[in-house]
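Please read each point with the sequence and the model at hand.

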Amino acid sequence: MSRIESKDIVEKICFVHLPKCGGLSFSKTLMGLYGAGHYVRFDSHKAIQEARKLGETPNVYREKCLNELLADPFNHCVSGHYRCSARTRRRFEDEWRFITLLRDPVDRWFSNYFYNRFKSDGMFKHSTDLASYIDSDRGRSMGSIYTRMLSAHRDPTSEQAIDETIANLKGFTLVGVLERGEDWQRRFEARFGPKIELPVVNANPDPSGGNYWDEIEPDVIEEVRRICLPDRLVYDAFASAER
């Protein structure tokens, strides 16, 4: 995605990029709007490696990094896979505008699985079959990505974490839904000014070209729906609302 209208955004934007929600395309748009001098793309993979060296929990460390980026007066736009709890948002909300994109959690779960299974290399690359992945800690954790990244609760599957996440998102300037891309485009342009293109999902490298639904048994889909309950409750709170 590229810049298609020359118009500066005077407000500072923090884009919380939730994995496999079309955020990479939108981040490229933000980089074009702000320019390399004021835009920072957070390297979450490097942060995870640093967290391991320091013996810290990756999400805790990534939120510390986010706080440092938001406190830097030279930054005007930051984006990336970092945790942004309500505490961080409240600390910086007078100066920064927080925005994010959600995606149907079950669709996001399968997209994430096939993307990491069939990509050529990189962090999170795996060759685990679907049944084994569903039963793995990693697979189950993928059902609570929203609560892990948008709350600081120790149990991301808990009712408290879900409530914290929803309350935190209600404090964001914009919360979009990938399936309602035109609505996201309209509200971003109305709020910040510059015209943008619709975000697209990062191309999936699986052999089916992303048409994997026909090959998945209904009981498997139902199990993934169960795993994704925390994120589905968050998503449902915003899927039909304009925020």
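1. Arginine 89 counts as buried, at 7% relative accessibility, where buried means under 20% relative accessible area, exposed means over 50%, and partly exposed lies in between (1.4 Å probe, protein chains only). Its partner in a salt bridge is glutamate 93, with the closest N and O atoms 2.8 Å apart. A salt bridge is here a side-chain nitrogen of Lys or Arg within 4 Å of a carboxyl oxygen of Asp or Glu. Glutamate 93, at 30% relative accessibility, counts as partly exposed.

2. The model is a predicted one, in which local features need pLDDT of at least 70 and side-chain atom pairs count only at pLDDT 80 or more, while totals for chains, interfaces and linings use all residues. Residues are numbered from 1 along each chain as its sequence is written, and side-chain values use heavy atoms, with hydrogens and water left out.

3. The chain as a whole may be described next. It holds 12 helices and five strands; these are DSSP runs numbered from the N terminus, helices being H or I of at least four residues and strands E of at least two. Of the 243 residues in the chain, 50% are buried. The accessible surface comes to about 11,700 Å², and carbon and sulfur atoms account for 48% of that surface; the areas come from the Shrake-Rupley method with a 1.4 Å probe, and for residues only the protein chains shown count as cover.

4. Contacts across the sequence deserve a separate point. A contact means heavy atoms within 4.5 Å. Among contacts between residues at least 6 apart in sequence, 70% join residues at least 24 apart.

5. How many salt bridges does the rule give? The count comes to 14. Side chains of opposite charge can pair when their charged atoms come close. One of these pairs is lysine 12 with glutamate 95, whose closest N and O atoms are 2.5 Å apart. This pair links distant parts of the chain, 83 residues apart: lysine 12 belongs to strand S1 (residues 12-16), and glutamate 95 to the loop between helix H4 (86-92) and strand S4 (96-102). Lysine 12 is buried, at 9% relative accessibility, whereas glutamate 95 is partly exposed, with a relative accessible area of 41%.

6. Another salt bridge joins the side chains of arginine 140 and aspartate 135, at 3.3 Å from N to O. Arginine 140 is partly exposed at 33% relative accessibility, and aspartate 135 is exposed at 57%. Both residues belong to a network of salt bridges that links Asp135, Arg140, Glu223 and Arg226.

7. How do helix H11 and helix H12 cross? The axes of H11 (residues 218-227) and H12 (residues 229-236) come within 5 Å and cross at roughly 75°. That angle makes H11 roughly perpendicular to H12. Axes are lines fitted to C-alpha atoms, for helices over the stretch in contact, and angles run from 0 to 180 degrees between N-to-C directions. Angles of 65 to 115 degrees count as roughly perpendicular, under 35 as roughly parallel, over 145 as roughly antiparallel, and the rest as oblique.

8. The contact of these two helices brings Arg225, Arg226 and Ile227 of H11 to Leu229, Pro230 and Arg232 of H12. The residues of this contact divide into three nonpolar, no polar and three charged. In this scheme Ala, Val, Leu, Ile, Met, Phe, Trp, Tyr, Cys and Pro are nonpolar, Asp, Glu, Lys and Arg are charged, and the others, Gly among them, are polar.

9. Alanine 239 lies in the segment after H12. Leaving aside residues up to four places away in sequence, alanine 239 touches Val177 and Arg180. Its C-alpha atom is separated by 8.2 Å from that of glycine 176, which is 63 residues apart from it along the chain.

10. Lysine 20 has a phi near 60°, a positive value in a residue other than glycine. Its place is in the loop between S1 and helix H1 (23-34), and it counts as buried at 11% relative accessibility. Tyrosine 115 is found in helix H5 (residues 105-118) and is partly exposed at 22% relative accessibility.
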